[in-house]
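Dear colleague,

I am handing over the structure below, and after it you will find my notes on what turned up. Please read them with the coordinates open beside you.

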Amino acid sequence: MRLAMRRVAAATLCVMLALVGASLAQAQGFHAAATKDGIDAWAVGDSGRVWRSLDGGADWVPGVIGGAHWRAVRADAFTVLLAGDSAKVLRSADNGGTWSAATGLGAVNVTTHWRALGRASAARVFVCGDGGRIARSDDDGATWTLQTSGASQNLDALCFTDAAHGWCAGDAGVLLATSDAGAHWNATALPTTRALYAVAAQGASVWVGGEAGACFHSTDGGATFAPYDLRAGEMPDVRAMVAYAPGAIAIAGGGGFIRISADDGVTWSFVAHPLMAPLAALAFPPLPSPAHGLAVSELARVPIAGTLGAPWTLPAGGNVSLTWSKVGALPTQTTNVRGNTVVFHPRDKHVMYNMLGNTLYRSPDEGEHWSTVRVVTGLARVNQLLICPSDTTVFLAAVVTSGGSRQLQRSSDGGNTWTTTLTHAFGEYGTPLQMHPLRPDTLYFGGENDTLMRSLDFGLTWHVHGTGVFRSPCDLAMLADSAEVLYVADGVTNVGAAILWRSTDGGLTFSAAQTLSASEAPAIATSRLALRKGVVTSWAGAGARATDDMGATWPLSPDLNRSGQNVSQTWGADFAHDDPGVVWVGTFASGRVFLSQDGGATYSFSALLNPNYAMIARDRATVFAQQADGLYKLRALAATPWASSAQTLTLASPNGGETWLPSSTHAITWSATNVALVRLEWRPDAASAWLPVSLTEGYRGTFPWTVPARFTSTAEVRVSDAWDAAPQSTSAASFAIHGALAVCADAPLDLGTTNFSAGGFGTFTIRNTGDQTLHVTQVATNRFTFRPSRDSFTLAAGATDTLGAKFEPVASGADSALFTLTTDDAAGQILLRVRASASASVDVAPLPVLADALAPAAPQPVAAGGRTRLRFTLAHARAVQLEVFGLRGERIATLVNGMRQAGTHDVVFEPASTLRGGMYFVRMRVGAFTATQRVVVLR
């Protein structure tokens, strides 16, 4: 079985479309994603769909492997694993070139869906799926053994913190933990029965997420878990979690949100991206380099990718087009539509209600289809509808009766019967009710020419609240988690200027925060996920105003007022409830609605005819516009071109003419397109066989090669597709490997224990194994008690020489030094360690020194480039000169010139390799004493 990237697409730039509004049953996107390094990326889905990117998600080449629905993928080093339906697990050991079926899973029923893969170590991998099944592999996914989980529910997620400790999550709130590599799985109780889709752990921090906003966090390694409030409106599903670094967690799901925390959930930032679709999977490379990630959706065949801290993008050439479709059999008379009458069921985010004219409608499927709940006698229209979160049979509506009376009516039986709880005028176009975000039974009502009123029993009774008197509140807003801040947008159609009022004491007192250039401020939008942000619209003035300081200031949104856009008559507004970076603004008369995906900094528009009255963004992907002629739902059409599947591969270096030193490191470089794995080889000449260098990813384009000590002038390098050797590219011309190569076999050199007064001596043997002369230009020591016998020398190719090390202790005990030889070979230096120990006394007492004397050199004769030892004795501490002369009296070398203690001394004479053969004389001078000895040097 094989996925060859050049064969998976018959044509290039074949555009794939994904309709985000489709149901999950018609999923046409991806279930899972993986990346090992942020560059090599995988996305897998139904019917064997496997997409591959080799440039971090900028371009994708699609393919098919088998026919299973793939629900999980892992990519680590050159191993890629796929798991999915029909109990299938496939493995590639060559980075996706060839595939084989895993063994050991034959007992698993073919109806089983494998749903997640988790890696515990370099060789240990786990897979989980239906019916509580878990299997483990200890050979990198080649063979598997079933484990006993103790669970019967479907298992959806796996993660491991090391080879032994891991977590597995699944349906009905099941969370399992192992501390012995899966030999035992222990259930951890969580206060939920919702399906858990995601689990992530790093150190002592463990996160679990799932259906309808289920989220739990442990800071003690899973000993205890606490519910974590995502503060995200209508309970977005948590479909993916990645603990990508210590203290760092990334979460994705809902309508496409990606939120990231670097402080273990204390604060969050949201990743901006253009895909308006629920996300099913999130992938980051493992530590230590998790910066580049990708995400996929089951409803859009368009992966997104990017770097943390920056917006993520569609593939090259991709785009998302926005259209709107009218939903349901809803009234179309403009006189029947006012305010915002769309509301989601507080406990079932798929269920919606809309009250238009005199009729209450219900949708069970996110607004796709509607049915009538009740026709309410005596109503003309409705401005606002609320449902009580604590008792979802209780409804409250701001209505206008057929007789023109403006009332608040309440139902306690799901909308079948209604009673009036307050009769009070409110604005013609207003949405006068606001629910307290932390105490949902507490409501505020803004009526015309009056103070606010408050109810503590969800609208059953009302009482005056505060002292501020308003003309005609258009909208109210209260900041979640900072409920003392309350906004009132006050204005009368075509009368004067609207004023945005702000309270910081829960509505008891107000101050004017902003005077608008328009008569009405129809809508205020705030986000629980970004308390400081807010948007207020303006009719019929310019653009919209936004705050970033919790309502203290409200400057005009610049992008809505720039040249070429010049938006006016804005009306409805909302933040996506799962992502505060997504902001919608509707207009009353321009036939457009505007979308920002960067928190309001910039906007783009889509066409939508008829006046807008409200924008409702349950999440990024589920958005409604209440227009004068009905309710419209957003359809996001994502498109991306396929990349060309053609392959190219060109070697850049070495490409001829280079001379590289043996044992030096040089980069083999190349350029490649659609080559996942390359084979690097070299040969010393055209008659020799190609020798392996390495296998590496084709997109890396470089490999650090340690040049072998194989001397040649006709070397070549070849790079080829490791899967089938095509394409391949070879050095255009030969290059050379030449140079010196120093080797020392004696390091470290131990001189043993020596008498304190006598010191010690030894030699290093150094060989030049290269084919060029080795030049040692400096010999340095880091310890004055050890002295090298010389400070420079040369070695011919293949020659061997010695370097003396003299130990001159200043105290008894162990000592050591490091000689650093500066060379012109590839290494540039040789480090030689020498050690010795000085003793205050020795076992055999030395003979007494009777006189100054110079002993004959031994051994003799000595070869040029070799060495011989000279020994002299001193009756007393004296200044000594020991010199070597030629037959003509020329001085060849000075071996000693300075004070020496009484006793016996050894000195090494090393005739230079360039010294001519013949007889030489060593002369010793101590005061008036002179002694001479002969030394014979051979060539």
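In this predicted model, strand 11 (residues 125-129) and strand 12 (residues 134-137) run antiparallel to each other and are paired over four bridges, with C128 standing opposite I134 in strand 12. Both belong to an open sheet of four strands, whose order is 10-11-12-13 and whose pairing is antiparallel. At its edges are strand 10 (114-119) and strand 13 (145-147), each of which pairs on one side only. On average, and with direction ignored, neighbouring strands of this sheet are turned by 25° against each other.

Turning to the nonpolar cores, the largest has 23 residues, and L803, F819, L821 and V834 are those with the most contacts inside it. Two or more residues are given to this core by each of strand 67 (749-755), strand 68 (760-768), strand 69 (774-781), strand 71 (793-795), strand 72 (800-807), strand 73 (813-823) and strand 74 (829-839). Strand 74 supplies the largest share of the core, namely five residues. Another core, of 22 residues, lies apart from it and includes A248, V271, F284 and A300.

Which residues line the largest cavity? The lining is made up of L516, S517, S538, A542, R545 and L556, which by class gives three nonpolar, two polar and one charged residues.

With best regards

Technical notes. Residues numbered from 1 in each chain as written. Predicted model: local features only at pLDDT ≥ 70, side-chain atom pairs only at ≥ 80, totals over all residues. Heavy atoms only, no water. 1 Å grid on protein atoms, 1.4 Å probe; cavity = no way out; pocket = protein on both sides within 12 Å on 5 of 7 lines; lining within 4 Å. Nonpolar A, V, L, I, M, F, W, Y, C, P; charged D, E, K, R; others polar. Core = buried A, V, L, I, M, F, W, Y, C linked by side-chain atoms within 4.5 Å. Buried < 20%, exposed > 50% of the residue type's maximum accessible area, 1.4 Å probe, protein only. Pairing = 2+ DSSP bridges. Axes fitted to C-alpha atoms, helices over the stretch in contact; angles between N-to-C directions.
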